[in-house]
Amino acid sequence: MDIHFRNQLTALRKAHHLSQEQLAEQLSVTRQTISKWELGTATPDLARIEQIAHYFDVPAEELLFGKGSTHTVTENLKNKVNQFLTEDPADKDWHEQHRWRHWYYQPIHNGWEFLARYYWILFGLIGMFLWFLPSIIKAFR
């Protein structure tokens, strides 16, 4: 984001028909300070920027970044959120090609459906059984 403070300050000062001397008196600084700000060789601190924004009755963001900058930032954010939320053709195509997965989210009605979805659990159960099998055999001898 570009900072346009010096251009904004000059434009606001001229729009209010103020000389550098008059603006300097209102802000309690020297005319040379106003000149340095407008030339871009120096920049005011944050408290002074707030004072200038309050004097000209503009938001500090507009004073720093130009007209409509806050509107632009919020619009850009809204556009990015909308792009994220809208379904693009690739997503739609993926969902159509993988429509067979809908059964995965339906309720399970019997043991065979459970095994079809969770067959991998059997590997764990069989592995646990084989792990403890020697100790079970020893216990019954």
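The model is predicted: local features require pLDDT of at least 70, side-chain atom pairs count only at pLDDT 80 or more, and totals for chains, interfaces and linings use all residues. Residues are numbered from 1 along each chain as its sequence is written, and side-chain values use heavy atoms, with hydrogens and water left out.

The chain contains nine helices and zero strands. Helices (H or I, at least four residues) and strands (E, at least two) are DSSP runs, numbered from the N terminus. The order of elements is α-α-α-α-α-α-α-α-α. Of the 141 residues, 20% count as buried. Buried denotes under 20% relative accessible area, exposed over 50%, and partly exposed in between (1.4 Å probe, protein chains only). Of the contacts with a separation of 6 or more, 48% come from residues 24 or more positions apart. A contact requires heavy atoms within 4.5 Å.

Helix α1 spans residues 5–15. Its buried residues are F5, Q8, L9, T10, L12 and R13. They pack against α2, α3, α4 (46–56) and α5 (60–65). H17 follows α1 and lies in the loop between α1 and α2. Its phi is near 55 degrees, a positive value in a residue other than glycine. H17 counts as exposed because its relative accessibility is 71%. A positive phi of about 60 degrees is also found at S28, which is not a glycine. S28 sits in the loop between α2 and α3. With a relative accessible area of 62%, S28 is exposed.

Q20 belongs to helix α2 (residues 20–27). At a relative accessible area of 18%, Q20 is buried. The side chains of Q20 and E38 are joined by a polar contact of 2.7 Å. A polar contact is a pair of N or O atoms within 3.5 Å; within protein, one must be able to donate a hydrogen and the other to accept it, and residues adjacent in sequence count only if both atoms are side-chain atoms. Neighbours within four places in sequence aside, Q20 is in contact with R13, R31, I34, S35 and E38.

Aromatic rings were paired next. Rings of Phe, Tyr and Trp (its six-membered ring) pair if their centres lie within 6.5 Å; planes under 30 degrees apart count as stacked, over 60 as edge-to-face and the rest as tilted. This rule gives five aromatic pairs. The rings of F5 and W37 have centres 6.4 Å apart and planes at 70 degrees, so this pair is edge-to-face. The pair links distant parts of the chain, F5 in α1 and W37 in helix α3 (residues 31–39), 32 residues apart. Both F5 and W37 are buried. Y55 and F56 also form an edge-to-face pair, with ring centres 5.1 Å apart and planes at 75 degrees. Y55 is partly exposed at 33% relative accessibility, whereas F56 is buried at 5%. Ring pairs also link F114, Y118 and W120 into a cluster.

The axes of helix α8 (residues 111–118) and helix α9 (residues 120–139) come within 6 Å and cross at roughly 85 degrees. Axes are lines fitted to C-alpha atoms, for helices over the stretch in contact, with angles running from 0 to 180 degrees between N-to-C directions. Helix α8 is therefore roughly perpendicular to α9; this class covers 65 to 115 degrees, with under 35 roughly parallel, over 145 roughly antiparallel and the rest oblique. F114, L115, R117 and Y118 in α8 meet W120, I121 and L122 in α9.
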